Amino acid sequence: MCKYGEQPLYRESIGWVEWPEGCEESGVLRWLRRHINQFLLFANERGFRPLKRRRCITTPNKPIPGSVSKRKLDVGFTYNSSNKRENSDRLPYNWSHILVPGELKSNPREENYSSTWLNLLRYAREVSSGQDTRRFVMGFTLCGSTMRLWEFDRLGGVASKSFDVNKDGQMLVSVILGYLWMNEEELGFDPTIVEDGKRYTEIWRNGQMERLCLEELMKRQRCMAGRATTCWKGHLSGGKAGGQLAIKDSWEYKERPKEGLLLKEATEAGVDNVAQYYHHETVYVGDAIDDVRNNVRKGLNDASGRNPFQQRRPAMSETITSPATSSSSGRGRGRSSSSSIKRKRSLSSTQTSMPPPKRSCSDSPAQQDVQRQRNQVHRRVIIRDVGKSIYQASSLQAILTGLLGGMKGHKPLLNAKILHRDISVGNIMLNEAEDDGFLINLDLAVKIDREKASGAPSKTGTKVFMAIGALYGEDHNFMHNLELFF
């Protein structure tokens, strides 16, 4: 329909008829607004209507609310909460509403610049931080007339091959309508957390199904790659006994021991001042284990990709995988794969905005080969104890009470042959009465009598709290934990 009629929008010889010369930002944004509306009208004439109304936003000079710093977005797709014109930029929105972020550049050569990809990564991180059930984020770059699709997940990013929108107009239409038609799961939202007036998830425990209502968000790690720990306060539906619960989701290296098993063992051993176990499980999506390589990326291989961050910023190799040479034709539920980043800042300033990695990483070729083969699994742990972090204490005495409670939990945990290994300000909690403290997060803990290391990469712990000996490569022991308390 774009190619035919008295005034066609697209001609094979020249591409899009009204494509702006010079590809300046304002001209491309006007072109997108007008043509996306036309694509929707064409689809509507043929009986194709998206289940939920979405719109394209084009406000590159307007900071979007909801981020720590003032962050702008060149172009993106969001929900349309109004019956007004789909592309109206006057409707309010923030980062929690953005579905697909995009980055524009007028120069097609910038399509291969790492600064372009870093900008898009920042957008993806803001989207992920503002949406607590987001498993991955789709995005795109449009540099001149060259477009590339991206997908960011807990291992980093994967990109499609680039294509020229003026040479492959049908691909552009497919991409635009695809972003407008994708369901929530295909966009990266967790389908195991249901929103039906109230939010809830279901678990299978002791031979029966239990529904957990999520009351409020307690923590959401501001990161794209990594464990991305998210915690909610909740309770059992139906007023069953058990009181308040804490539901924790995180993406763990599959080699790591399951935190839920260690918590269960500690609870059964009667360990005090450590979070009490209720339930744990590996999350399934689409009847398959929810991991990055097989479920999120649908088996796409990034081993042949090059890493543009290796020389400039070795630590970035942990967060970002460079563009794969495979196309964006993911298997399964029609989800396309892609990924990367961009923005209008120097690389030196972007480095300071990246969150410090939980673990260090190496830039050696052998280590990078290992990193490309890593996989992370979506795990869920439910505990009975709900408290607050010691930095939320109302007095200095309460802080010391929390620290002492953590130490009191560390000793019996050690007697149960479990070494915590990640004592930090975020893992020591105060109870609501502020008269005792307890330890949480055994996701980096190990059994003292284990026969060999897990094989998970790099050093263990939160860097700013790690003991000197552990940083220098000593085997982690209980003395290191005491140093962490200090």
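Residues are numbered from 1 along each chain as its sequence is written, and side-chain values use heavy atoms, with hydrogens and water left out. Because the model is predicted, local features need pLDDT of at least 70 and side-chain atom pairs count only at pLDDT 80 or more, while totals for chains, interfaces and linings use all residues.

Helix H3 (residues 169–181) has 13 residues and spans 18 Å from its first C-alpha to its last, close to the 18 Å expected at 1.5 Å a residue; the expected span is 1.5 Å times one less than the number of residues. Buried residues in H3 include Leu172, Val173, Ile176 and Leu180, where buried means under 20% relative accessible area, exposed over 50%, and partly exposed in between (1.4 Å probe, protein chains only). In helix H2 (residues 114–130) lies Leu121, which counts as buried because its relative accessibility is 5%.

Turning to the strands, two are taken to pair if DSSP finds at least two bridges between them. Strand E3 (residues 54–57) is covered on both faces, with Arg54 and Cys56 buried on one side and Arg55 and Ile57 buried on the other. In a regular strand the side chains alternate between the two faces of the sheet. E3 runs antiparallel to strand E4 (residues 75–79), joined by four bridges, and Cys56 stands opposite Phe77 in E4.

Further along, three strands form an open antiparallel sheet in the order E19-E21-E22. Its edge strands, E19 (388–389) and E22 (437–439), each pair on one side only. Strand E21 (residues 428–430) meets E22 over three bridges, with Ile428 opposite Leu439.

The structure holds zero disulfides, a disulfide being a pair of cysteine sulfur atoms within 2.5 Å. Cys2 counts as buried because its relative accessibility is 12%, and Cys223 is likewise buried, at 9%.

Val464 counts as exposed because its relative accessibility is 69%.

Terms used
Helix = DSSP H or I, 4+ residues; strand = E, 2+ residues; numbered from the N terminus.
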